[in-house]
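Trainee: I would like a close look at one part of this model. Please take me through it step by step.

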Amino acid sequence: MSNLRRSARRTLRRWTRPVRRELRRRGLLVARPKREEHAEERVESRANRIDERLLQHVVVVRQFSRTFPTSNVWVLQDRSDAALVDAGFGDEQSIAERRRFFERELSHLRFRHILLTHHHFDHSSGGRRLRELLRAETAINPIDETILHTPSGSNEDLPDEAEISERARVWREEALATPIDRTLADGEIVRVGGLTVRAVHTPGHTAGHNCYFVEETGVLFTGDNVLGIGTSAIGPPPAGDMQAYLDSLLRMRHLEATLFAPGHGPVVRATAAKIKELVDHRAVRDRQIIDLIDRGYEYDRQIRRALYPEIQKGLRRAARGQIRAHLARLVGQGMVQVEEVEGGKTWRVALTR
Ligand SMILES: [Zn+2]
């Protein structure tokens with residue numbers, strides 16, 4: 001820093017000293033803590049109280065995308081009873097961060113349930129250790145319980161990056177090792193204090209995806225069916241099902257929820273508008289895909305290039321999955337024909353005439 005700037009800054013500090021002192025006295029200016037050079041690596045976490053019964057807890061984990069928000073863990077509470085909705089990531093740092101938070105802020109609560117919306121490890125892999133920590137019962141839809149406990153070597157949604165795949169290995173192991181104490185099929189209920197929480201089977205993102213609806217308050221925990229930011233990834237069958245997903249969105253709309261508490265990102269208050277936005281988005285995609293095929297596009301790769309021209313390399317597989325999910329739905333509607341070529345690596349597509 002130049003001498004001139006240094007002396008200007010010193011002068012400024014001298015002039016503003018009385019003002020800063022007064023602000024500090026009134027609690028309006030909080031001294032910034034000095035950064036510790038060799039402190040243990042701590043992950044960033046945030047707690048966000050929505051109302052007296054609902055709290056959002058986020059541990060920011062570096063995952064496949066820097067812009068995509070990491071998964072939410074929700075605390076639903078009534079009097080001294082509480083439940084978690086989803087369990088977040090199960091790595092050492094994430095769990096340590098949550099333990100600190102629960103011990104500091106929520107030690108007065110008695111946690112009875114950990115309700116998992118679906119089997120994906122960003123929601124489930126914290127389950128085993130949070131279950132021990134809180135002595136709570138884990139629950140998930142029976143279909144996703146089976147998938148959760150079926151070993152799988154790969155995750156279609158993840159990019160080919162060494163550091164991420166090592167983290168993913170830990171998350172996958174933790175998810176697989178998460179005991180499930182009870183299953184919750186569609187319509188089954190758990191109680192949290194005076195609240196009635198109903199499982200709503202809403203497949204599409206996964207086959208056994210559950211939303212959880214709080215009857216007394218109208219809060220709907222939407223898992224990955226509705227996100228606070230962006231649209232969720234729906235893979236092609238057998239993992240995902242676009243038609244089932246759209247049907248699930250309509251089911252969710254019928255609940256007329258007052259608030260969506262999503263699997264990622266902030267709460268959504270304009271719930272009906274959000275559902276409409278998501279349904280419209282998928283309809284636009286369908287139309288784009290049909291138009292491209294009509295203009296002579298023959299392979300799913302060409303469609304992916306046209307619709308996601310600037311996507312980073314690591315996310316191309318996920319983008320292709322999205323397109324195949326749409327194609328599979330259009331096949332189901334009898335509008336498109338698909339033929340697998342190159343041993344399934346490529347889908348050759350045509351309109352049904
Ligand atoms: Zn998911």
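Which residue in S4 does Asp 78 stand opposite?

Mentor: Asp 78 stands opposite Asp 81 in S4. Keep in mind that this is a predicted model.

Start with the two strands. S3 covers residues 72-78 and pairs with S4 in the antiparallel sense. Their pairing runs over 5 bridges. Together S3 and S4 make a hairpin, with 2 residues between the strands. Arg 79 in this hairpin takes a positive phi, near 50°. Further along the pairing, Val 75 stands opposite Leu 84 in S4.

Now consider how covered these strands are. S4 spans residues 81-85 and is mostly covered, with 4 of its 5 residues buried. In S3, 6 of the 7 residues are buried, so S3 is largely enclosed by the rest of the structure. For the protein chain as a whole, 38% of the 353 residues count as buried.

S3 has another partner. Strand S2, residues 54-59, pairs with S3 in the antiparallel sense, over 5 bridges.

Strand S5 takes in residues 110-115 and is joined to S4 by 5 bridges. S4 and S5 run parallel. Leu 84 turns up again here: it stands opposite Ile 114 in S5. The chain gets from S4 to S5 through helix H2, residues 92-105. This β-α-β crossover is right-handed.

Continue past S5. Strand S6, residues 137-140, runs parallel to S5, and 3 bridges join the two. His 113 stands opposite Glu 137 in S6.

Two helices belong in this picture. H2 packs on the sheet and touches S1 and S2. The direction of H2 makes about 145° with that of S2. Helix H4, residues 127-134, lies across S4, S5 and S6. H4 runs at about 165° to S5.

Now put the strands in order. The sheet is open and has 7 strands, in the order S1-S2-S3-S4-S5-S6-S7. The pairing is mixed. Strand S1 (45-51) and strand S7 (182-183) stand at the edges. Each has a single partner strand, so one side of each is left without a neighbour in the sheet.

Step back to the whole protein chain. It has 10 helices and 14 strands. Take contacts between residues at least 6 apart in sequence: 65% of them join residues at least 24 apart.

The axes of helix H7 (residues 242-254) and helix H8 (residues 271-294) come within 10 Å and cross at roughly 165°. That makes H7 roughly antiparallel to H8. The crossing of H7 past H8 is left-handed. On the H7 side, the residues that meet H8 are Leu 246, Leu 249, Met 252 and Arg 253. On the H8 side, they are Ala 272, Ile 275, Leu 278, Val 279 and Arg 282.

To return to your pair: Asp 78 and Asp 81 stand opposite each other, and the hairpin they belong to has 2 residues between its strands.

Technical notes. Residues are numbered from 1 along each chain as its sequence is written. This is a predicted model: local features need pLDDT of at least 70, side-chain atom pairs count only at pLDDT 80 or more; totals for chains, interfaces and linings use all residues. A residue is buried if 20 or more other C-beta atoms lie within 10 Å of its own, exposed if 12 or fewer, and partly exposed in between; C-beta atoms are placed from the backbone. Two strands pair if DSSP finds at least two bridges between them. A crossover is right-handed if, with the strands pointing away from the viewer, the path from the first strand over the helix to the second runs clockwise. Two residues are in contact if their C-beta atoms, placed from the backbone, lie within 7 Å. Axes are lines fitted to C-alpha atoms, for helices over the stretch in contact, and angles run from 0 to 180 degrees between N-to-C directions. Angles under 35 degrees count as roughly parallel, over 145 as roughly antiparallel, 65 to 115 as roughly perpendicular and the rest as oblique. A crossing is left-handed if the near helix is turned anticlockwise from the far one by less than a right angle, and right-handed if clockwise.
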